[in-house]
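Here are a few exercises to work through with the model open beside you. Try each task before reading its solution.

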Amino acid sequence: MTNETVLLVDDEPAIIQLARLYLEREGFRVIEAADGDAALAKVESERPALIVLDIMLPRLDGLEVCRRLRA
């Protein structure tokens with residue numbers, strides 16, 4: 001059983017719900033964000049081990065989130 005944190009970033013609640021179901025079943029702690037700005041804030045505060053990032057997000061798209069995280 002792992003306790004690693006996974007950040008799911010998607011603006012579709014059904015996708016978040018499905019991914020959360022499978023990840024939690026495998027023992028991961030799941031946090032979520034619905035847009036790029038919220039994702040960056042969660043990364044800062046939670047320091048997830050893995051980020052599952054949608055490309056098409058409101059406000060700040062997934063590519064820009066990725067660029068900022070890598071910088």
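**Exercise 1.** Locate D61 and work out which backbone nitrogens its side chain reaches.

*Solution.* Start with the position: D61 sits in the loop between β3 (50–53) and α3 (62–70). Helices (H or I, at least four residues) and strands (E, at least two) are DSSP runs, numbered from the N terminus. A note on the source: this is a predicted model, where local features need pLDDT of at least 70 and side-chain atom pairs count only at pLDDT 80 or more, while totals for chains, interfaces and linings use all residues. Residues are numbered from 1 along each chain as its sequence is written, and side-chain values use heavy atoms, with hydrogens and water left out.

**Exercise 2.** Find D35 and decide whether it is buried or exposed.

*Solution.* Go to the loop between β2 and α2, where D35 is placed. D35 has 10% relative accessibility, so it counts as buried. Its side chain reaches the backbone nitrogen of A38 at 2.8 Å, and a polar atom of the D35 side chain lies 3.0 Å from the backbone nitrogen of D37.

**Exercise 3.** In what order do the strands of the open sheet lie?

*Solution.* The three strands run β2-β1-β3, with parallel pairing; two strands pair if DSSP finds at least two bridges between them. β2 and β3 stand at the edges with a single partner strand each, so one side of each has no neighbour in the sheet.

For the β1 and β2 pair, count five bridges, and find V6 opposite V30 in β2.

**Exercise 4.** Which residues make up the largest nonpolar core?

*Solution.* Select L7, V9, I31, A33, A39, V43, L57, L60 and V65, nine residues in all. β1 (5–9), β2 (29–33) and α2 (36–46) each give two or more of them. Such a core is a set of buried Ala, Val, Leu, Ile, Met, Phe, Trp, Tyr and Cys residues joined through side-chain atoms within 4.5 Å.

Note on methods: Polar contact = N/O pair within 3.5 Å; in protein donor to acceptor, adjacent residues only side chain to side chain. Buried < 20%, exposed > 50% of the residue type's maximum accessible area, 1.4 Å probe, protein only.
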